[in-house]
Each structure stands twice: as C-alpha cells, then as structure tokens.
Amino acid sequence: MRSVEKLAMLQFPPTLKKQLVDDWEFVTQLGKLVKLPRSPNVDDILKKYLEYRTKKDGMIVESVAEILKGIRCYFDKALPLMLLYKKERQQYQEAVHDNISPSSIYGAEHLLRLFVKLPELLSYVNMEEDALGKLQQKLLDLLKFLQKNQNLFFLSTYNGSKNMDKSDD
C-alpha cells in the first residue's frame, strides 16, 4: 500500500467522527450555520496547539511550526473550494472579503473538515515515505489535541440561517 493511501487512513477519534456527522446534519438537514466569526478561530487553535507542543517538548519544534503554517495555508485555499456545504456559500461571500483570511473567521468545525480532505490534497504532494509518516503522526497528534479540547473549540449548536435555500448538498 502506498504511503499516500496509508495517510488516507487518518484515524479520527470517535467523538470527532460524531462531530463531523453532527456538523453535516446541522448544516445540510437542519439549515443551521456556524455563527461567524468563530472564537476561537483556526489561527487561535493552531497557536494554542503550538503552545501546547512547545510546553510539552520544552522548545519550539520548527517542523511543527512549519506544518501548522501549511495547514493554515491549505485551510485558507481549500475552504471556498471544498470545505463548504452549498448552504454555507452565501455566508462565506458575506464574511470573507478585503483580503481577510478564512482562518481568522472560521473555527474548529471547518478545520475538522479539512482533515477529512487532507489525504486527498496531500496525494498531490511529492513527499518521501519517511517524511509522510512523520507528517501523519503530527496530524494525528493535532487531531487528538482537537479531541481533548472539543468542548472549548467546537459549538454544540448552530444558528438558524437567515435565508436558507432549500436545495440539499
């Protein structure tokens, strides 16, 4: 099995899988949206993770900082293209303008969706097997961090959308 396919098997903790299902239901079935801007936003969460890793490792690990920069960049580029449900697109148009970065507006709900898409996105990156394995470990660690802080980072309920279009995604 190629390493990219192995990476596709990012092990989502069960509580985060449920979070993804609830997220899908809130938006596509109930027509509810995440209230923006989110606090903490993706930038805040990645900063908190870097602080957590720095404290745990006793130093700033450059590779972790680089990976987090990459995740932020992937998030900002992927959000409008593949991380939004149809019912969220108008909200995106209203919220993200004037060179505002999506990672400063959106939160953990949308970051988690990126983790679902990451294996597909990373399959286009030319990476050595060993580096890919290390990256996978770091991504799993970040997922565990999201899980540990689930009550802080994720909303338990969403807002009703003002003008919901009736088509399903």
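**The aromatic cluster**

Tutor: Phe 145 and Phe 153 are both buried. In this predicted model, the two rings form an aromatic pair with centres 5.7 Å apart and planes at 50 degrees, which counts as tilted. Phe 145 also pairs with Tyr 49, here in an edge-to-face arrangement: the distance is 5.2 Å centre to centre, and the angle between the planes is 65 degrees. Tyr 49 belongs to helix α3, spanning residues 42–57, whereas Phe 145 belongs to helix α7, spanning residues 129–148; the pair therefore ties together parts that lie 96 residues apart in sequence. Tyr 49, like Phe 145, is buried. Together with Tyr 52, the residues Tyr 49, Phe 145 and Phe 153 make up one aromatic cluster. The count of aromatic pairs comes to six.

The setting of the cluster may now be considered. The protein contains eight helices and two strands, arranged along the sequence as α-α-β-α-α-α-α-α-α-β. Among contacts between residues at least 6 apart in sequence, 84% join residues at least 24 apart. Of the 169 residues, 45% count as buried. The accessible surface comes to about 9,700 Å², and carbon and sulfur atoms account for 54% of that area.

As to confidence, the average pLDDT is 85, and 88% of the residues score at least 70. Residues 162–169, however, have a pLDDT below 50; this stretch has 14 contacts in the model beyond near neighbours in sequence.

Conventions: Residues numbered from 1 in each chain as written. Predicted model: local features only at pLDDT ≥ 70, side-chain atom pairs only at ≥ 80, totals over all residues. Heavy atoms only, no water. Helix = DSSP H or I, 4+ residues; strand = E, 2+ residues; numbered from the N terminus. Buried < 20%, exposed > 50% of the residue type's maximum accessible area, 1.4 Å probe, protein only. Contact = heavy atoms within 4.5 Å. Areas by Shrake-Rupley, 256 points an atom, 1.4 Å probe, with all protein chains shown as cover. pLDDT = per-residue confidence, 0-100. Phe/Tyr/Trp six-rings, centres within 6.5 Å; stacked < 30°, edge-to-face > 60°.
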